[in-house]
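The sequence and the model come first, and the description follows.

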Amino acid sequence: MPQITKYSEQIHIATEGGGSIWHLSKDGKLIFDKKLSRKLDKHSKANIVTQIKSLARDSGLVIDGVKLEVIDDRLSEVALLFRDKELVWRLPGFAQKLAERLSGFIVVYSSVAVDIVSVKKEDAVKELAERINVDLKDIVVCGDGPNDFGMLALNGIMLKEYGKSLTKN
């Protein structure tokens, strides 16, 4: 857990697709903000994982092997990593079919992963700004991939993507 030495009630950190919100304690520790966060409950996560595995099976993809990896231990998202570079070209179609099966959730993909969340990053940033009464121009957001562009359009900086330095004008 990172340590930040200067306390401010106005510093919040959004992670995991915007659903997991953290704030600073007076002693500089990051604390999970239960009031602002959008955790996925166990039932929702189990349903998402079931749908991923079913679609992977129907699509002829390996789920419990090296080619695909489901990450469901995050608070506000379930992620599917395509570990086999030969399968990456199938990501957009897989994400689209998964979105059709998972109404009520947002399915986004990057060049190697599919993330299933309950809120768009840009919507989470707007909601956070409103809830803590801070102007959007005073919020800095950072991202590392194409799935961050919506959020970055608000007020952000693209730091790095897949080993390449990027900047946003």
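## The buried face of helix α2

In helix α2, residues L91, F94, A95 and L98 are buried, where buried means under 20% relative accessible area, exposed means over 50%, and partly exposed lies in between (1.4 Å probe, protein chains only). Viewed down the axis of α2, these buried residues fall within an arc of 100°, so they line one face of the helix; the arc is that of the directions from the helix axis to the C-beta atoms. An α-helix has 3.6 residues a turn, so residues three or four places apart point the same way. On the face of α2 turned away from the buried side are the exposed residues Q96 and E100.

The buried residues of α2 pack against α1 (42-58), β5, β6 (106-109) and β7, with contact meaning heavy atoms within 4.5 Å. Helices (H or I, at least four residues) and strands (E, at least two) are DSSP runs, numbered from the N terminus.

## Basis of the model

This is a predicted model, in which local features need pLDDT of at least 70 and side-chain atom pairs count only at pLDDT 80 or more, while totals for chains, interfaces and linings use all residues. Residues are numbered from 1 along each chain as its sequence is written, and side-chain values use heavy atoms, with hydrogens and water left out.

Six of the six residues of strand β5 (residues 77-82) are buried, so the strand is largely enclosed by the rest of the structure. Both of its faces are covered, with E77, A79 and L81 buried on one side and V78, L80 and F82 buried on the other.

Strand β4 (residues 68-71) runs antiparallel to β5 and is joined to it by four bridges; two strands pair if DSSP finds at least two bridges between them. E69 stands opposite L81 of β5, and five residues separate β4 from β5 in the hairpin that they form. β5 also pairs with strand β7 (residues 113-117), in the antiparallel sense and over five bridges. In that pairing, L80 has V114 of β7 as its bridge partner.

## The aromatic pair

One aromatic pair is found in a search of the whole structure. The rings of F82 and F94 have their centres 5.8 Å apart and their planes at 75°, so the pair is edge-to-face. Rings of Phe, Tyr and Trp (its six-membered ring) pair if their centres lie within 6.5 Å; planes under 30 degrees apart count as stacked, over 60 as edge-to-face and the rest as tilted.

F82 belongs to strand β5 and F94 to helix α2 (residues 91-101), twelve residues apart. F82 is buried at a relative accessible area of 4%, and F94 is buried at 3%. Not counting residues up to four places away in sequence, F94 touches I52, L55, A56, S59, L61, L80 and F82.

## The nonpolar cores

The largest nonpolar core has 21 residues, and those with the most contacts inside it are I48, F82, F94, L98, V114 and I116. A nonpolar core is a set of buried Ala, Val, Leu, Ile, Met, Phe, Trp, Tyr and Cys residues joined through side-chain atoms within 4.5 Å. Two or more residues come from each of α1, β5, α2 and β7, and α1 gives the most, with five. Another core lies apart from this one and has ten residues, among them I21, V125, L128 and M151.

## The protein as a whole

The protein has four helices and eleven strands. Of its 169 residues, 41% count as buried.
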